[in-house]
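Open the model in your viewer and get ready to select residues by number. This tour goes stop by stop.

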Amino acid sequence: MSTVSIFATDPSPAELNAEKFGLLTILPPLVAIVLAFITKNVVISLFIGVFAGAFLLGLNDYGAVGAIFQGFVGIVGYIIDSLADSWNAGIILQCLTIGGLIALISKMGGARAVAESLSKRAKTPRSAQLITWFLGLFIFFDDYANALIVGPIMRPVTDKMKISRERLAFVIDATAAPIAGMALISTWIGYEIGLINDAYASIGQNVNAYGVFISTIPYRFYNILILAFIVITAVLLKEFGPMYKAEKRARLSGKVTSPNSKPMTSEEGTDLMPKAGIKLSIWNAIVPIAVLIVTAFAGFYYNGYLALADDPEVIQMIKNAPLSMAAIRETFGASDASIVLFQAALIGSIVALLMGVKQKIFTISEGIDTWIQGMKSLVITGVILLLAWSLSGVISELGTNVYLVSRLSDSLPAFLLPTIIFILGSAISFATGTSYGTMGILMPLAIPLAFAINPDQGYVLMSVGAVLTGAIFGDHCSPISDTTILSSMGADCDHVDHIKTQITYAITVGLVTVLFGYIPVGLGVPVYIVLPVALAVIFAIVHIFGKSVEMTDLKKESAH
């Protein structure tokens, strides 16, 4: 595909800019990526990336000095336009409201009650690790809450079972972001579907972003494989690399931390602790979350039904079989997730507030203060969202996507694109310590490029999955990742020890993700074949290279 052929008839402003600026059109995302490595601050990186794009656009009508002024004016304009969009506003409100709901549940002791109830069933090292993993799945709605709640609850149990703090931190960290990133309702989903919707819109595609999000789940190879890796190593009680040494030390000597370690104590965790003196009840978590989920699913159905009102054929099909898979698929697919999830989170928050007031855990005023405090914890998400949307807007207007498509669609091997996206996402996330920022930088580029190379929906979906999961892989390897730091805090583990033991496992799963995940699906192998094979490879690696940490086996080894 040549640049000339694209502009053959009535070129758009983006196409004209791509022709005028050429290679410079990649400057905004390139600046954002390079600065992300240098500053390790995604907000600054995205801000300057938006400015670079606005500056280039200013050169169309002004000189260099005028373009600098227009660059700053342009930043404000792009941010306001992003916030003024009803979809974007709904996404931000949904994220903030779920943050408030999480705070209420935590203050009522709901999450802690569920965790303590399950922890009583941990009788062996194997069951203790599996319950820790299960708890991580239960607290699917937020990775921060996951790290700060699961660790303090399970730490006394794993210490008793002589499980190293390094292993506990790994189980927490490797469960938190992967499950939150795939959960159908979480503090992540608003951000993810917001990016997906915006990237598709940049190429003129009107899609149901929530439906796309769900469709990418089978292609989240790293997320799925790392979750399976935890279970496999726990069930087989086999470890390798630095983790084996840590587990051997803990089992034989009872020392759950290394001799020279400096465990991190989670002061932030006190904000998520229940109010002192209250009676813990699992229903304080189950009821609000159940209300959130049920309301969301009912909302998807009702909202989608209203959206399909102009299609009498589909409406009649729904009326004839309202609970059929076809009816659910059509209604969910046509729903507006930004509105529905915000409504569901708001209703769930109201229920949690009323429960807390009725039980006299807090007054209405105190409950609202707690809810607002929870919202504040996700304000940074809103900032990153607005800047990511602004960057997407400026590179769309600049014609970055058009330029890249014209240059790469015929030269880049199609089967390698998902792998390249995964590796690039991993590198950016590792350097910046944030998966959120990485998604914001890459998503606006990945979808248009994948669509141009191969417009098949499956191919685009695997590329979207590569962005979302590559960001998490790099985050797991990064010592400056907030979730990784919180996992060390939650497990009360030396942070360097956590990174040293986890990175070997993360890289192992990352390599399997590329070699047995994205390369095969890029070559056209169906995902229903690729995923089981990749899981089998993970099992084989643990079985072959792992060493037993069963007490009897360790004693025999020591005797020899």
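Start with Glu 550. Glu 550 counts as partly exposed because its relative accessibility is 29%; buried means under 20% relative accessible area, exposed over 50%, and partly exposed in between, with a 1.4 Å probe and protein chains only. A note before moving on: the model is predicted, so local features need pLDDT of at least 70 and side-chain atom pairs count only at pLDDT 80 or more, while totals for chains, interfaces and linings use all residues. Residues are numbered from 1 along each chain as its sequence is written, and side-chain values use heavy atoms, with hydrogens and water left out.

**Stop 1: Glu 550 and Arg 126**

Glu 550 and Arg 126 form a salt bridge, and their closest N and O atoms are 3.1 Å apart. The term means a side-chain nitrogen of Lys or Arg within 4 Å of a carboxyl oxygen of Asp or Glu. How far apart in the chain are these partners? They are 424 residues apart: Arg 126 sits in helix H8 (residues 125–138), and Glu 550 in the loop between strand S2 (547–548) and helix H28 (551–559). Helices (H or I, at least four residues) and strands (E, at least two) are DSSP runs, numbered from the N terminus. Arg 126 is partly exposed, at 27% relative accessibility.

**Stop 2: Glu 166 and Arg 249**

Now select Glu 166 and Arg 249. Their side chains meet in a salt bridge, 3.0 Å from N to O. Glu 166 belongs to helix H10 (residues 165–182) and Arg 249 to helix H14 (residues 242–253), 83 residues apart. Are they buried or exposed? Glu 166 is buried, at 3% relative accessible area. Arg 249 is buried too, at 17%.

**Stop 3: Arg 167 and Glu 239**

Select Arg 167 and Glu 239. A salt bridge joins their side chains, at 3.2 Å from N to O. Arg 167 lies in helix H10 and Glu 239 in strand S1 (residues 238–239), so the pair ties together parts 72 residues apart in sequence. Arg 167 is buried, with a relative accessible area of 0%. Glu 239 is also buried, at 0%.

**Stop 4: a network**

Pick Asp 159, Arg 165 and Asp 492. Salt bridges that share partners join them into one network. The count of salt bridges comes to six.

**Stop 5: helix H26**

Finish at Phe 516, in helix H26. Phe 516 counts as partly exposed because its relative accessibility is 35%.
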